[in-house]
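Please read them beside the sequence and the coordinates.

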Amino acid sequence: MKTYVLSAASAIAIAATGAAYAAPEAEVLHYWTSGGEAKSVAVLQEEFAANGGTWTDMPVAGGGGDAAGTALRARVLSGNAPTAAQIKGPSIQEWYQEGVLADISDVAEANDWANLLPASIASHMQCEGTWCAVPVNVHRVDWIWANTEILSANGIEMPTTWDEFNAAAEKLQAAGIIPLAHGGQAWQDATVFETVVLGLGGPEFYQSALVDLDPAALTSDTMVAVFDQMRTLRGYVDDNFSGRDWNLATAMVMNGEAAFQIMGDWAKGEFLAAGKKPGVDFTCASTPGDGFLYNVDSFAMFEVDGDDKKAGQALLAELVMGPKFQEVFNMNKGSIPARTDVSLDGFDSCAQTSAADMTSTSENGSLLPSYAHGMALFGAQAGAITDVVTAHFNSDMSSEDAVKMLSDAVANSM
Amino acid sequence: MSKWLQDNMPKIVLAPSFVAVMVFVYGFIGWTAWVSLTRSRLMPRYELDSFIQYERLATSPRFETAMVNLFIFGTLFIVIAMVLGLLLAILLDQKIRTEGALRTIYLYPMALSMIVTGTAWKWILNPGLGLEAMVQGWGFESFEFDWLVDPDMAIYTIVIAAIWQSSGFVMALFLAGLRSVDEEIIKAAQVDGIPHWRVYTAIIIPSMAPIFLSAFIVLAHLAIKSFDLVIALTGGGPGYATDLPATYMYAMAFSRGDIGQAASSAMVMMLVVFAIVVPYLYSELRVKDD
């Protein structure tokens, strides 16, 4: 009997110490639900399970993450936060200010993230000096995609300035081809707008106008010129663009109905899925001007109870930043790895260009967050700018009025 | 004991639903009102900050567009749907042979969800796919009908789709009203040799006043709540030209993390509903008191 009690006691003791090495557990809230994305996230799940972890998947489809955001808010408000959730950009800081994010600095410092990530991307993952999120991929937003055959048939080179683009577009229009495939949805208008801001104003202007929201920049003559260019671009879009989804616009370039599309590198996935080859059937280039606009997906870790969940967070963070996952995931997704030391041999030429540009722009300070994809500003400010951009693009508002409205809207959104 | 139970049974049975309504309807209206007076962003906060959100709302050009759209849409939708519904009901009331079948055909759109209506009309009105492309394909090259992509006209496409959806329902409502008028009066009028149209304008329609009020209330709340039709038909576009207060509120609360703005726009929407419903309730209650 005595030995029984003793063994029982020691069993409890073992169980207690065992808790420190608890099996990692993670409940992950994300919105990667479409075909290619779901496949990419399955890679992470397998790796997590292979390391002894238990993964509870919580995918929330719809609204480009809006639905997931609502689910996350409900979970956090009810005191039942998920272990990790897919949030990005300034929202990470917003959540941190609510005091619900966990500190994963141990993992980050042990794995030397600070030297593996470009500085400006690393800054998004840090909350007041501690690491609170882990980056998954880097999408480049300022891409211009072209139908190679149309360009060569009309003797057009990939434009490197907006004037060259306008000249090429006039030529295409005369030849009866739609110069620019575009979908009239607010976020697509915003995507084109930010590449024009970057191209006409340069990286410093972009920083002060769309990141720092400097009133002087927002009301400057450069901004008037940007809206002028938006008006010009409106003339290169077909009449039927309103409400069109981005992938349908990509299909127009593929089918030779239109010559160019300005869209992030998720458009590449559409080309590749249709069996088109980069450099042969379609050409990719950065939009006219210097700089690199990034859209980085990331996971933030929430404050949770229980060693098993904390172990899960550490394991998840380590795996997501691991070279193997970064390589496999991004090859599936069409983006590039956030860490700079991953071999790009298996990637296509567009991704290799993107990675090379990311390194070079990071050095000269023109690696910038995309405002249209929620990387530069809080939702209210970004939304206020988008409202003006889309109202201007879809009406005959003058550029001067648009600039005035822009500074009013930004001031009103604070 | 049984006497007590008998007296209080109705109260006991009603209590749970009364409590639920107090909490989930009026409680949350109160909560929304409170939040609309704070600077809540991503998450609700509870420190009061006067009327800042309403000031922001007042200076927001997008909310102004939404309110103007609500006015245009609401007026046209209610008036046209009622006129059309009444006209259809009168025509169907002429003791025609296939009334049952026709009534079903007109009533059928009501069975569709707004999302289906919106998507179907989106394709019909799309200049590159629908009506315009078809008529141009017949050889009328100059035919133009591009309201869906014209920011100034897009709101009217929503009116068209909403009327298509609801006028059959209004027709059914009026048809029931027409049938409920006392046959004897009509026959007496006919004996006196009063023309057919006068029978309608002088006898039948005036005696249907309560039906008009019901139809108005149903259509008005449909108009103010309109959300799914806009999302499916135009997505609020081009730009934000077809935004309504409901879509504005959704965008603020769920896409932008601006809960304070969303709450204040919800309060404004509720006041608009009150402005319509309170006079109605007042007139109803007064009639009962008499």
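1. Chain B has 13 helices and zero strands, where helices (H or I, at least four residues) and strands (E, at least two) are DSSP runs, numbered from the N terminus. This is a predicted model, in which local features need pLDDT of at least 70 and side-chain atom pairs count only at pLDDT 80 or more, while totals for chains, interfaces and linings use all residues. Residues are numbered from 1 along each chain as its sequence is written, and chains are lettered from A and ligands numbered from 1 in the order in which they are written.

2. On overall form, the radius of gyration of chain B, taken over C-alpha atoms, is 24 Å, well over the 19 Å that the globule rule (2.2 Å times the number of residues to the power 0.38) gives for 290 residues, so chain B is more spread out than a compact globule. Along the principal axes, its C-alpha atoms fill a box of roughly 80 × 75 × 30 Å. Of the 290 residues of chain B, 34% count as buried, a term that requires 20 or more other C-beta atoms within 10 Å of the residue's own, with 12 or fewer making a residue exposed, anything in between partly exposed, and C-beta atoms placed from the backbone.

3. For chain B, the unreviewed UniProt entry places the feature "transmembrane region" at residues 12-34, 70-92, 104-124, 153-178, 199-224 and 259-282; the positions are given in the numbering used here, feature names are shortened, and annotations may be inferred rather than shown by experiment. In the model, residues 104-124 of chain B are 71% helix and 0% strand, with end C-alpha atoms 23 Å apart, and residues 199-224 of chain B are 85% helix and 0% strand, with end C-alpha atoms 35 Å apart.

4. Phe73(B), in helix α3 (residues 61-92) of chain B, is buried, with 22 other C-beta atoms within 10 Å. Leaving aside neighbours within four places in sequence, Phe73(B) is in contact (C-beta atoms, placed from the backbone, within 7 Å) with Ile155(B), Ile158(B), Val159(B), Ala223(B), Ser226(B) and Leu244(B).

5. Where chain A meets chain B, 24 residues of chain A are in contact with 27 residues of chain B. On the chain A side, α3 (66-77), α18 (379-393) and α19 (399-413) each supply at least two residues, and α18(A) gives the most, with seven residues. The residues of that side divide into five nonpolar, 13 polar and six charged, with Ala, Val, Leu, Ile, Met, Phe, Trp, Tyr, Cys and Pro counted as nonpolar, Asp, Glu, Lys and Arg as charged, and the others, Gly among them, as polar.

6. Which residues does Tyr240(B) touch, not counting those up to four places away in sequence? They are Asp387(A), Thr390(A), Ala391(A), Arg62(B) and Thr65(B). Tyr240(B) lies in the loop between α11 (228-233) and α12 (245-255) of chain B and counts as buried, with 26 C-beta neighbours inside 10 Å.

7. In chain A, four strands form an open sheet of mixed pairing in the order β8-β9-β7-β10, where two strands pair if DSSP finds at least two bridges between them. The edge strands, each pairing on one side only, are β8 (178-181) and β10 (282-286) of chain A. β8(A) pairs with β9 (residues 258-262) of chain A in the parallel sense over three bridges, and Ala181(A) has Gln261(A) as its bridge partner in β9(A).

Notes. Two residues are in contact if their C-beta atoms, placed from the backbone, lie within 7 Å.
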